[in-house]
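Let's take a walk through a protein model together. Keep the picture open while you read.

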Amino acid sequence: MFLNCYFKESFGLFDRVGDNKVAFNQVADIMRALGQNPTNKDVKKILGDPSADDMANKRLDFDAFLPMLKLVDGFQKGTYDDYVEGLRVFDKEGNGTVMGAELRIVLSTLGEKMSEPEIESLMQGQEDENGSVHYEAFVKHILSV
């Protein structure tokens with residue numbers, strides 16, 4: 001019961017109109033504020049693949065949102081080993097590092113593409129003097145953020 005009250009209160013902070021509803025395009029942000037990390041693609045799928053216009057204009061109330069939040073909570077999440085294995089593919093030297101420049105390209109072009117400021121924030125302090133990133137430490141950093 002306490003969590004539902006917490007979720008409802010957090011949900012209400014995103015209500016910009018005062019009708020106890022939020023826009024579809026706010027749903028992912030609310031889920032992330034509540035500790036989930038769904039992809040935008042997952043959220044659109046949960047919302048029924050709405051058009052861009054619907055994302056901006058359609059609204060939903062807390063009673064419709066809560067089951068969506070619970071659904072996202074059940075999604076499979078990547079593990080430390082999954083991320084390390086994915087980055088190991090780019091470790092050409094076999095020494096536990098990947099080039100920072102290559103990692104930036106991957107983050108901006110593959111999967112859920114990140115913006116330049118997002119990448120810079122994530123990469124801050126991760127490169128050594130040669131421009132390499134120790135990917136096991138990088139994954140630990142990402143999972144701790």
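We'll start with the domains, then look at a pair of helices and a pocket.

What you see is a predicted model, where local features need pLDDT of at least 70, side-chain atom pairs count only at pLDDT 80 or more, and totals for chains, interfaces and linings use all residues. Residues are numbered from 1 along each chain as its sequence is written, and side-chain values use heavy atoms, leaving out hydrogens and water.

The chain is assigned domain 1 (1–73) and domain 2 (80–144), with bounds from an automatic or database domain assignment. Taken over C-alpha atoms, their centres are 30 Å apart.

Now find α7 (100–109) and α8 (116–123); helices here are DSSP runs (H or I, at least four residues), numbered from the N terminus. Their axes are 10 Å apart and meet at an angle of about 135 degrees, which makes α7 oblique to α8.

On to the largest pocket, which holds about 1,500 Å³ of space. Among its 35 lining residues, Asn 37, Tyr 83, Glu 112, Met 114 and Ile 142 sit closest to the centre. A pocket, on a 1 Å grid over the protein atoms alone, is an open set of points where a 1.4 Å probe fits, with protein on both sides within 12 Å along at least five of seven lines; lining residues have an atom within 4 Å of a point. Volume is the space filled by probe spheres set on the points, which are joined across faces, edges and corners.

Key. Helices (H or I, at least four residues) and strands (E, at least two) are DSSP runs, numbered from the N terminus. Axes are lines fitted to C-alpha atoms, for helices over the stretch in contact, and angles run from 0 to 180 degrees between N-to-C directions. Angles under 35 degrees count as roughly parallel, over 145 as roughly antiparallel, 65 to 115 as roughly perpendicular and the rest as oblique.
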